[in-house]
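Welcome! Here is a short briefing to read alongside the sequence and the 3D view. Take a look at both, then follow the topics below.

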Amino acid sequence: DDLRAEYQKRHSTNGTLLQASPAGHIFSLAMTPLDISATRIRASLASGRSARYLIPDSVVHYIDQHNLYRAS
């Protein structure tokens with residue numbers, strides 16, 4: 001009950017309130033869930049497919065630089 005009351009007190013549909021008080025409001029966004037897992041990403045890389053757009057560019061670069069998850 002306490003958590004529900006706190007959530008209702010802090011929940012906002014106005015994203016600009018976060019700029020004024022970033023730790024004082026809860027702002028929810030609707031997002032499409034993606035069926036992505038680390039196992040699936042590693043399997044894709046091992047089969048020669050790209051993981052770009054699934055992981056940050058810096059991680060793609062690190063994996064390429066160190067020849068990680070490549071099929072032997």
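The pLDDT is the predictor's confidence in each residue, on a scale from 0 to 100. The chain has an average pLDDT of 88, and 97% of the residues score at least 70. This is a predicted model, in which local features need a pLDDT of at least 70 and side-chain atom pairs count only at pLDDT 80 or more, while totals for chains, interfaces and linings use all residues. Residues are numbered from 1 along each chain as its sequence is written, and side-chain values use heavy atoms, with hydrogens and water left out.

**Confidence by element**

- Helices (H or I, at least four residues) and strands (E, at least two) are DSSP runs, numbered from the N terminus.
- Among the elements of the chain, the lowest mean pLDDT, 80, belongs to helix H2 (residues 17–20), and the highest, 94, to helix H4 (residues 57–65).

**The nonpolar core**

- A nonpolar core is a set of buried Ala, Val, Leu, Ile, Met, Phe, Trp, Tyr and Cys residues joined through side-chain atoms within 4.5 Å. Here, buried means under 20% relative accessible area, exposed means over 50%, and partly exposed is in between (1.4 Å probe, protein chains only).
- Six residues make up the largest nonpolar core: Ile41, Leu45, Ala51, Ile55, Val60 and Ile63. Helix H3 (38–46) and H4 each supply at least two residues of this core.
- In soluble globular proteins, nonpolar side chains tend to be buried together.
- Contact means heavy atoms within 4.5 Å. Setting aside neighbours within four places in sequence, isoleucine 63 is in contact with Leu45, Ile55, Leu68, Tyr69 and Arg70.

**A buried serine**

- Serine 12 belongs to strand S1 (residues 11–12), and it counts as buried because its relative accessibility is 9%.
- Not counting residues up to four places away in sequence, serine 12 touches Leu17, His25, Ile26, Phe27 and Ser28.

**Salt bridges**

- A salt bridge is a side-chain nitrogen of Lys or Arg within 4 Å of a carboxyl oxygen of Asp or Glu. By this rule the count comes to six salt bridges.
- Aspartate 1 and arginine 4 meet in one of them, at 3.3 Å from N to O. Aspartate 1 is exposed at 76% relative accessibility, and arginine 4 is exposed at 53%.
- Arginine 70 and aspartate 64 form another, at 2.5 Å from N to O. Arginine 70 is partly exposed at 36%, as is aspartate 64 at 40%.
- Arginine 52 is bridged to aspartate 57, with the closest N and O atoms 3.9 Å apart.
- A network of salt bridges links Glu6, Lys9 and Arg10.

**Charge and rings**

- A charge sits over a ring if NZ of Lys or CZ of Arg is within 6 Å of the ring centre and within 35 degrees of the ring normal. The charged end of arginine 52 sits over the ring of tyrosine 53, 5.5 Å from its centre.
- Arginine 52 is partly exposed, with a relative accessible area of 43%.

**After helix H4**

- Asparagine 67 is found in the segment after H4. Although asparagine 67 is not a glycine, it has a positive phi of about 50 degrees, and its relative accessible area of 57% makes it exposed.
- Tyrosine 69 is also found in the segment after H4. Its phi is positive too, near 60 degrees, in a residue other than glycine, and tyrosine 69 is partly exposed at 39%.
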